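Colleague: I would like to learn how to read a protein model. Please take me through one, feature by feature.

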Amino acid sequence: MGYVRLKYIAEKANVSINTVSRALKGKSDIGRQTTEKIRKIAEELGYIPHITAASLRSKTSSTIGVVITYIDNPFFSRILQGINDSISKYGYIILTLASNEDLIKEKNVLMLLAAYRVSGLIIVPSRDLESELDYDKLKVPHITIVRKGSLNTQNYFITDSYRSGKLAG
């Protein structure tokens, strides 16, 4: 058997799918006994909410797309940990993909994340000032980090590596 669906819980509880949905969301218009009964059945069956289906209904996503150059670079693992720690406080998760310093792959990865309707993008451009990708065309809120792309329309956050090196001695 695959994932437990609301329809199956509704049949077991002898209620409508809408009643199951509202009870599992804790809506006040569903009686306490009905809610408890539905939640018990859902737990017994191992019900797991379908986040993607909920996103389609609400037209919102709790996912932030992150594009980095290389997954195995320890520098990016620290950045990813920081991003994850920050956004998880607000109920978001990250979906991380790598461009492998390839502009074509970066474009494809960005299109894929936009197709998933992520709520926002955090992008490490493949090449410093070489990318002619117009991130604004994705129609997704975004920011570039670590490197700045060549188009001045982008929001970005970078460090001054030259100054940092001088300060470090």
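**Helix packing**

Modeller: The model is predicted. H2 and helix H3 (residues 32-45) pack with their axes 9 Å apart, at an angle of about 90°.

Colleague: How are two packed helices described in general?

Modeller: Two packed helices are described by the angle between their axes and by the distance between the axes.

Colleague: Which word describes how H2 and H3 lie to each other?

Modeller: Angles of 65 to 115 degrees count as roughly perpendicular. H2 and H3 are therefore roughly perpendicular to each other.

Colleague: Which residues of H2 and H3 meet?

Modeller: From H2 come Thr19, Val20, Ala23 and Leu24, and they meet Thr34, Thr35, Ile38, Arg39 and Ala42 in H3. Sorted by class, the contact of H2 with H3 has 5 nonpolar, 3 polar and 1 charged residues.

Colleague: At what angle do H1 and H2 pack?

Modeller: The axes of H1 and H2 are 8 Å apart, and the angle is about 100°. That makes H1 roughly perpendicular to H2. H1 brings Leu6, Lys7, Ile9 and Ala10 to the contact, while H2 brings Ile17, Val20, Ser21 and Leu24. By class, the residues of this contact of H1 with H2 are 6 nonpolar, 1 polar and 1 charged.

**The whole chain**

Colleague: How many helices and strands does the chain have?

Modeller: There are 7 helices and 5 strands in the chain. Read from the N terminus on, the elements run α-α-α-α-β-α-β-α-β-β-β-α.

Colleague: What share of the chain do buried residues make up?

Modeller: The chain has 169 residues, and buried residues make up 31% of them. Contacts can also be sorted by how far apart the partners are in sequence. Among contacts between residues at least 6 apart in sequence, 47% join residues at least 24 apart.

Colleague: Where does valine 66 lie?

Modeller: Valine 66 is part of strand E1 (residues 63-68).

Colleague: Is valine 66 buried or exposed?

Modeller: Buried means under 20% relative accessible area. Valine 66 has 1% relative accessibility, so it counts as buried.

Colleague: Which residues does valine 66 touch, leaving out those up to four places away in sequence?

Modeller: With those left out, valine 66 touches Leu80, Ile83, Ile94, Leu95, Thr96, Leu97, Leu113 and Ile122. Take threonine 96 as a case: valine 66 and threonine 96 are 30 residues apart in sequence, yet 4.7 Å apart in space, C-alpha to C-alpha.

Colleague: What is phi of lysine 139?

Modeller: Lysine 139 has a phi near 60°, which is a positive value in a residue other than glycine. Lysine 139 is found in the loop between strand E3 (120-123) and strand E4 (142-145).

Colleague: Is lysine 139 buried or exposed?

Modeller: Exposed means over 50% relative accessible area. The relative accessible area of lysine 139 is 72%, so lysine 139 is exposed.

**Pockets**

Colleague: How does one find empty space in a model?

Modeller: Rolling a probe the size of a water molecule over the atoms shows where empty space is left.

Colleague: How much space lies in the largest pocket?

Modeller: About 500 Å³ lies in the largest pocket. Its lining has 17 residues, of which Leu6, Tyr47, Pro49, His50 and Arg57 lie nearest its centre. Helix H1 (6-13), helix H2 (17-24) and helix H4 (51-58) are the elements that give two or more residues to this lining. H4 supplies the largest share, 4 residues. By class, the lining of the largest pocket has 11 nonpolar, 2 polar and 4 charged residues.

Colleague: What volume does the second largest pocket have?

Modeller: The volume of the second largest pocket is about 400 Å³. This pocket is lined by 15 residues, and Thr52, Ser55, Ser61, Tyr116 and Arg117 lie nearest its centre. Two or more residues of the lining come from each of H4 and strand E2 (93-98). The largest share of the lining of the second largest pocket, 4 residues, is from H4. The classes here are 6 nonpolar, 7 polar and 2 charged.

Conventions:
Residues are numbered from 1 along each chain as its sequence is written. This is a predicted model: local features need pLDDT of at least 70, side-chain atom pairs count only at pLDDT 80 or more; totals for chains, interfaces and linings use all residues. Side-chain values use heavy atoms; hydrogens and water are left out. On a 1 Å grid over the protein atoms alone, a cavity is a set of points where a 1.4 Å probe fits but cannot get out, and a pocket is an open set with protein on both sides within 12 Å along at least five of seven lines; lining residues have an atom within 4 Å of a point. Grid points are joined across faces, edges and corners, and a volume is the space filled by probe spheres set on the points. Ala, Val, Leu, Ile, Met, Phe, Trp, Tyr, Cys and Pro count as nonpolar, Asp, Glu, Lys and Arg as charged, and the others, Gly among them, as polar. Axes are lines fitted to C-alpha atoms, for helices over the stretch in contact, and angles run from 0 to 180 degrees between N-to-C directions. Angles under 35 degrees count as roughly parallel, over 145 as roughly antiparallel, 65 to 115 as roughly perpendicular and the rest as oblique. Contact means heavy atoms within 4.5 Å. Buried means under 20% relative accessible area, exposed over 50%, partly exposed in between (1.4 Å probe, protein chains only).
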